[in-house]
Amino acid sequence: MNMKNPFTAASQPFSFNPDASRISDYPNPDHLPDAARWLLAKEGQRRFFNGLSWYQIFCRTCLQQDQEPTFLYLSSPRGQVTLPLLTPLGRPGCRLSEKRLGQHSCMSMTNYQTAYYAPISDLPAEDLPAALEQLARHLKTRGLSVIDFNNLDSAIPANAALSGAFERAGFKVHNYDDEPVVFEQVEGLSYQDYLAKRSSNLRKNIKRRRRQIEKVGKVDFVLKKDPDAIEPLIGDYQKVQAASWKRPEVHCNHVPDLIRTAAQNGHLRLGLLYLDDQPVATDLTFLADGRATSKKAHYDQAMRNHHVGDVLTSFMFEHLLDVDNVKTIEPGKTAVSYKLKWTVDQRPMNGFVAFDSRTLKGQSWRLRFQAARRTRSLLSTIKSKIVTSGG
């Protein structure tokens, strides 16, 4: 979708000037200026999990009792940039998730539901590093001494400038690797073309498992995307989720809200597999700019021997390729075996923790972080040696 920005004037013929910019904090995406909301909506058309709808859902359904959202916003004659943040640091998903560091800490607005994170900006690429540095300095003046950014997808150019901006602002930055994204480029491929590129073992298994489950009972694959059609299926999704091996959702209202909002915005592909009219497997996939990102797939544990998860995945991929003509398929983070048999590529995800070591709290937590990292490295080395020696 081509969304022309009605709020931004033509680019000015001068470099980014911090003195001509303004920084504001907003407690909710709905309180942002119209120009910022427009830019977040545009970002959501390309990357659903970094856009306006996603952050609205996050603030409605994913906040812990002791955490507050902040949308740090910089505007200038050359453009704008927004950083969605959470205070204090400690939400699952960050490198210091087991800690509660108090109001002197913050983190990117991410959790275990997040697919990726990045600054949202329409500044020229050459201006973004200076703008991010200005935001980092602003956070320092607010007394933020420990900051964690995670789920930084290497495919998003804006992320390359983020850690360097905090270093220039005087923070001590410690980078770390996050779980990689598993994906495959499938532009122009039909489902049969795609299958031809899989291993012969997977091709045979899919055909056999589809035939086998049809002998057990009546099989139906249902895929819905329209707001009026998905409401009855939310209950079926939750029924499968409750029967799966995965732990219950931390935020019970999150997935229903996510399904409804994504359907309203045209991003949703909700797939369910039924056996004798009973839901046995589910898949939530989100489409944005030709990219299909799968989240929250479940199957009934009692149906494990019938491989209902693989059968549903095959139906989902067939629809995504032959009907939606997607360009990229992303089963999500973490390179586990069941994802790697469907896709062949990986790209890095990373993060960093920034400490203001001029403050007592920043220096104290930096020393603790370094000690914990050394301990993990030592334990990993010892484990590797034990495995190698056969001990």
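Arg 358 counts as exposed because its relative accessibility is 64%. In this predicted model, Arg 358 forms a salt bridge with Asp 356, with 3.3 Å between the closest N and O atoms. Asp 356, by contrast, has a relative accessible area of 2% and is therefore buried.

Side chains of opposite charge can pair when their charged atoms come close. Across the whole structure, a search finds 23 salt bridges. One of them joins Asp 127 to Arg 78, whose closest N and O atoms are 2.6 Å apart. This pair links distant parts of the chain, 49 residues apart: Asp 127 sits in the loop between β5 and α3, and Arg 78 in the loop between β2 and β3. Asp 127 and Arg 78 are both buried.

Another salt bridge pairs Glu 330 with Arg 291, at 3.4 Å between the closest N and O atoms. Here too distant parts of the chain are linked, since Glu 330 belongs to strand β12 and Arg 291 to strand β11, 39 residues apart. Glu 330 has 3% relative accessibility, so it counts as buried. Glu 330 and Arg 291 also belong to a network of salt bridges that includes Asp 153 and Arg 347.

On the surface, Lys 207, Arg 208, Arg 211 and Lys 215 gather in a patch of positive charge. Lys 207 is part of helix α6, which covers residues 200–216, and it counts as exposed because its relative accessibility is 56%.

Helix α5, residues 191–196, contains Asp 193. With 37% relative accessibility, Asp 193 counts as partly exposed. Its side chain makes a polar contact of 3.0 Å with that of Ser 190. Asp 193 and Leu 321 are 128 residues apart in sequence, yet their C-alpha atoms are 9.5 Å apart in space.

Key: Residues numbered from 1 in each chain as written. Predicted model: local features only at pLDDT ≥ 70, side-chain atom pairs only at ≥ 80, totals over all residues. Heavy atoms only, no water. Patch = residues over 30% accessible without salt bridge, like charges linked within 9 Å, V, L, I, M, F, W, Y side chains within 5 Å. Areas by Shrake-Rupley, 256 points an atom, 1.4 Å probe, with all protein chains shown as cover. Salt bridge = Lys/Arg side-chain N within 4 Å of Asp/Glu carboxyl O. Lys, Arg positive; Asp, Glu negative; His and termini not counted. Charge placed at Lys NZ, Arg CZ, Asp CG, Glu CD. Helix = DSSP H or I, 4+ residues; strand = E, 2+ residues; numbered from the N terminus. Buried < 20%, exposed > 50% of the residue type's maximum accessible area, 1.4 Å probe, protein only. Polar contact = N/O pair within 3.5 Å; in protein donor to acceptor, adjacent residues only side chain to side chain.
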